[in-house]
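Hi,

Here is the structure I promised to pass on. Have a look at it first, and my notes on what turned up follow below.

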Amino acid sequence: MEQKFNEAAEKVKTFTKRPSDSELLELYALFKQATVGDNDTEKPGMFDLKGKAKWQAWADRKGTSKDAAMEAYVKLVDELSAKYL
């Protein structure tokens with residue numbers, strides 16, 4: 001699974017079009033959950049809107065196992081590849 005995950009992470013870099021903000025947040029959250037685990041960082045300040053959105057997306061994945069996050073990430077990249085490659 002880890003190899004598929006790494007391949008998917010590389011595939012994202014080859015997208016020819018930019019995914020939507022919600023898709024990018026989902027990719028970010030699943031990637032962080034798979035590589036770091038649960039979000040235990042301090043929430044960004046109120047003026048850091050982008051940072052807060054990323055922090056919240058990652059925090060919403062709390063409790064998801066590393067393998068489940070990797071699997072979901074690979075599945076999402078496969079779905080997005082049809083639209084953005």
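A word on terms before the residues: a pocket here is an open set of grid points with protein on both sides within 12 Å along at least five of seven lines, and a residue counts as lining if it has an atom within 4 Å of a point. Please keep in mind that this is a predicted model.

The largest pocket holds about 290 Å³ of space. Its lining is made up of Arg-18, Asp-21, Leu-24, Leu-25, Leu-27, Tyr-28, Phe-31, Lys-50, Ala-53 and Lys-54. Two elements, α2 (21–35) and α3 (49–59), each give two or more residues to that lining, and α2 supplies the largest share, with six residues. By type, six lining residues are nonpolar and four are charged, while none is polar.

Is Lys-50 buried or exposed? Its relative accessible area is 64%, and exposed means over 50%, so Lys-50 is exposed.

Helix α1

Helix α1 spans residues 2–12, and Phe-5, Ala-8 and Ala-9 are buried in it. These three lie on the same side of α1 because they cover an arc of only 100 degrees around the axis. The buried residues of α1 pack against α2 and α4 (66–84). On the face turned away from that buried side you will find Gln-3 and Lys-4, both exposed.

Happy browsing!

Terms used: Residues numbered from 1 in each chain as written. Predicted model: local features only at pLDDT ≥ 70, side-chain atom pairs only at ≥ 80, totals over all residues. Heavy atoms only, no water. 1 Å grid on protein atoms, 1.4 Å probe; cavity = no way out; pocket = protein on both sides within 12 Å on 5 of 7 lines; lining within 4 Å. Points joined across faces, edges and corners; volume = space filled by probe spheres on them. Helix = DSSP H or I, 4+ residues; strand = E, 2+ residues; numbered from the N terminus. Nonpolar A, V, L, I, M, F, W, Y, C, P; charged D, E, K, R; others polar. Buried < 20%, exposed > 50% of the residue type's maximum accessible area, 1.4 Å probe, protein only. Arc of directions from axis to C-beta. Contact = heavy atoms within 4.5 Å.
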